[in-house]
Every structure is written in C-alpha cells, then in structure tokens.
Amino acid sequence: MKKEKLLMGKTVREIAELMGVSSDDLVKEKQRIRDEIKRQKIKVTKQGNKFVIADGNVEKIVGVLQSRAKEESSKKIEENEDLLQKIEELRVRNKRLEKDNEDLNQINSKKDEEVRRLNLRIEKYADDFKEFNDKQLQLNNQQQQLQARILEQTKQLKDSQEKLLDSAEKSSELQDKVDKIKNASLWQRITRKFD
C-alpha cells in the first residue's frame, strides 16, 4: 500500500518529511510547500480524505524549494560571515576602547592624586593663614592695650607734672614767705605783717 501511495502522489506533510524537515520546522515548511504549489499552479487531487500532489510535480516542488533553500542558506552564510567580520571589527574596536579607557583611568587617577595633593597644600595654607590671622588679631589687641596703657600713663604723667608744677609753685610761694619772715624786722614778726 505504501508503494502505491508513492506512485500515486504525496501529501504536503510527506513532501516536507521527504525534504528532511525537523518536526520543529514542519508547520513552516508545509506552508512554504503550499505557497509553492499555488505559485506553480500545480493541480492537487483528493484521494479519500487527503489532498495529494503527483510525483512529477513533487519533484518540481522539491527541486525549487531545495534550490531556494540553498540560495537562502548561502545568503545566510554570507550574512553570517559579514556579521562575524563586523563582530571581529567590533571586538578589535572594543579592545582599543578598553585600552583608551584604561589610559583615561590612569590619567584621571593621576589628576585625582594631583588634585588631592593640591587640596592638602591649600588646606595647609589655609591653616597657616588662619594661624597668621589669629596672631595678627592677637598683636592688634596687644597694640590697642599698649596704646591704652600709654595714654593712661601719659595722662598720669601729665597729672603728675601738673601736681609737680603746683607743688613747685606752692614751694616757691612758701620759700618767698620764709624768706620774707627771715628778712622781716622784729616788728613785722610780732604783728605778722610781712608785706
């Protein structure tokens, strides 16, 4: 019965199996076979509950589909080779970029180190400046206190000089009185009129 079936024709499924299609791709391949049958306008006959295609037409369909599959396969191989070449170019470019990135990282690391050193120096200068500023403020305060003391002592000295001048004047007046008393006559001494 199988020999009779082969002589009479094949179903779409049998054609697909004849072409060695895996069960995963069976549905897709059956649709391609149907499309090719329509394209070539091949007559399909019904035998029982199955639609079959004559063996002569099966060979034409298989030949066209295999030829097309070879073209697609060679096209895919070419595309794959192009993709592999692009992948290799990208790999080379990626390595170059990685090297550039490493160089940039080293440069950035050196710059970061330089910035850190400069920041430490700036902090030291800031500390030195603060210390200098504090000392300057301290000196200013001491200078103001010294000026206040000098003013106070100058005032005291002036007051002392005035007192000294007053004392000298009084001493001079007393000396004049003493001299008048010493030079006064007896009568003046008794009456106490020295003028």
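**Salt bridges, core and surface patches**

In this predicted model, Arg 39 is exposed, with a relative accessible area of 51%. Its salt-bridge partner is Glu 36, and the closest N and O atoms are 2.6 Å apart. Glu 36 is buried, at 1% relative accessible area.

Arg 68 counts as partly exposed, at 29% relative accessibility.

A further salt bridge joins Arg 32 and Glu 72, at 3.7 Å between the closest N and O atoms. This pair links helix H3 to helix H4 across 40 residues. Arg 32 is partly exposed at 23%, and Glu 72 is partly exposed at 35%. Shared partners join Glu 29, Arg 32 and Glu 72 into one network. The whole structure holds 12 salt bridges.

The largest nonpolar core has 13 residues. Those with the most contacts inside it are Ile 15, Met 19, Ile 33, Ile 37, Ile 53 and Ile 61. Helices H2 (12-18), H3 (26-40) and H4 each supply at least two core residues. H4 gives the most, with 4 residues.

Leu 83, Leu 84 and Ile 87 make a nonpolar patch of about 290 Å². Leu 84 lies in helix H4 and is exposed, at 57% relative accessibility. A negative patch includes Glu 152, Asp 159 and Glu 173. Glu 173 lies in H4 (residues 55-183) and is partly exposed, at 44%.

Key: Residues numbered from 1 in each chain as written. Predicted model: local features only at pLDDT ≥ 70, side-chain atom pairs only at ≥ 80, totals over all residues. Heavy atoms only, no water. Patch = residues over 30% accessible without salt bridge, like charges linked within 9 Å, V, L, I, M, F, W, Y side chains within 5 Å. Areas by Shrake-Rupley, 256 points an atom, 1.4 Å probe, with all protein chains shown as cover. Salt bridge = Lys/Arg side-chain N within 4 Å of Asp/Glu carboxyl O. Lys, Arg positive; Asp, Glu negative; His and termini not counted. Charge placed at Lys NZ, Arg CZ, Asp CG, Glu CD. Buried < 20%, exposed > 50% of the residue type's maximum accessible area, 1.4 Å probe, protein only. Core = buried A, V, L, I, M, F, W, Y, C linked by side-chain atoms within 4.5 Å.
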